[in-house]
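Here's a quick briefing to read with the model open beside you.

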Amino acid sequence: MAKTLTQEFTKGLWEEIAPFRLVLGLCPVLGVTTTMENGIGMGLATTFVLVFSNILVASLRNVIPAKVRIACFIIIIATFVVVTELLMQAFAYPLFLKLGVFIPLIVVNCIVLGRAEAFASKNDIALSIADGLGIGIGFTLSLAALGALRELFGANNLTVWTTPTSVIGVQEVFGTSFEPFSFMVQAPGAFVCLGLMLCVMNLMGSK
Amino acid sequence: MGYMEIIIGGIFVNNILLAQFLGNCPFLGTSKKMETAVGMAMAVVFVLVLAGVITWLIYAFFLEPYKLVYMRTIAFILVIASLVQFVEMFLKKSIPALYAGLGIFLPLITTNCAVFGACILNVDKELNFMKTLVQSMAYAVGFGLALILFAGVRERIILARVPKPLQDTSIGLVTAGILSLTFYAFKGMI
């Protein structure tokens, strides 16, 4: 029954990778992945909230009464979201502006609440950290992959991170003569891309 | 910005589900059957309008004067959670028929990002009270319209022969993309 730390960590990377295996937390997945950079930023912000809320929920799991646990979890999560908001305003302001409304929306991201309810409220702190990190990194990878796909075909670029002075990434991957497929970076492209990625995941999983 | 623009913008151009990507979990989760889609749409219309107005009042008369704007995430989520609880108790006591109709969808709305997101967007855009009311209604109607349209399409897809890896959520997302494309066509209106 008892699983090791590594098992709890790695399950988030493939077996239970969000948002593909658990179809939860779709709003940021669709909303921010117009570039790879946004995807990575959003994923890291969610990971931060996920790990710290898991730690707090796990350490308070014997104190919180069962009847009001959901309300308590939401307050814990909201606290860490505010912390993230303030930290991002201080250290990553351009990214904060780009992600916009989706940073406060981490509060209502079903993945975070789902892990608090399904995992952290039943396991000790070390396991909860491993679980939070695993799910968080899996989520970041999915967002980065979707963002990379959309940015590559929709804008012909691949940005990993933007510093105030330079841009880390590749510009004009397919050369200057490539006409960007702008459907991909717009709203309908997000749905279609995610649907097709899910299909590829299913194909690989069924073997 | 006139009222007509807010209404058309909220329902079609900036549709909360298909253009702003808010509230997509219930969008995919409750759209397999028309009945559940209608229930969810009604519950969201009800709560979104109430929540939009109440969070605006709290923001304008409490958070702003006392310089507590950075607390808005916590304040809004608490207001929405208690509002949903209150609405649930009120309906159970006074309008049992409507309560039975909305059923399980009411508590689920607490974690519906459409409601929370709409409140944050209203405040971010610095709308006045009447415009907040109209904007919330437009968002809510847009949510209901998109959800019910999508449920209708999805009920038909069950009858079609879909390749195995594409089944269920995957084909649902592609369908949503095409639906989103039709809403995208309204973009020229504003």
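In chain B, 78% of the contacts with a separation of 6 or more are between residues 24 or more positions apart; a contact here is two C-beta atoms, placed from the backbone, within 7 Å. This is a predicted model, so local features need pLDDT of at least 70 and side-chain atom pairs count only at pLDDT 80 or more, while totals for chains, interfaces and linings use all residues. Residues are numbered from 1 along each chain as its sequence is written, with chains lettered from A and ligands numbered from 1 in the order in which they are written.

**Chain B overall**

- Chain B has nine helices and zero strands, where helices (H or I, at least four residues) and strands (E, at least two) are DSSP runs, numbered from the N terminus.
- Along principal axes, the C-alpha atoms of chain B fill a box of roughly 60 × 45 × 25 Å.
- Of the 190 residues in chain B, 43% are buried. Buried means 20 or more other C-beta atoms within 10 Å of a residue's own, exposed means 12 or fewer, and partly exposed is in between, again with C-beta atoms placed from the backbone.

**Where the chains meet**

- The interface pairs 33 residues of chain B with 34 residues of chain A, counted by contact.
- On the chain B side, helices H2 (24-29), H4 (72-94), H7 (113-124) and H9 (169-184) each supply at least two residues.
- H9(B) gives the most to that side, with ten residues.
- The chain B side splits into 22 nonpolar, ten polar and one charged residue.

**The core**

- The largest nonpolar core has 110 residues; a core is a set of buried Ala, Val, Leu, Ile, Met, Phe, Trp, Tyr and Cys residues joined through C-beta atoms within 7 Å.
- Among the residues with the most contacts inside that core are A:Ile77, B:Val44, B:Leu48 and B:Phe143.
- Leaving out residues up to four places away in sequence, B:Leu48 touches B:Ala114, B:Val115, B:Ala118, B:Ser136, B:Tyr139 and B:Ala140.

- Helix H3 (residues 36-59) of chain A is mostly covered, with 20 of its 24 residues buried.
- A:Val81 is in helix H4 (residues 69-91) of chain A and counts as buried, because it has 26 C-beta neighbours inside 10 Å.
- Not counting residues up to four places away in sequence, A:Val81 touches A:Val49, A:Pro104, A:Ile106, A:Val107 and B:Thr73.

- Most residues other than glycine have a negative phi.
- B:Lys67 has a positive phi near 55°, sits in the loop between helix H3 (34-63) and H4 of chain B, and is exposed, with 8 C-beta neighbours inside 10 Å.
- B:Glu126 also has a positive phi near 55°; its place is the loop between H7 and helix H8 (129-157) of chain B, and it is exposed, with 9 other C-beta atoms within 10 Å.

Technical notes: Nonpolar A, V, L, I, M, F, W, Y, C, P; charged D, E, K, R; others polar.
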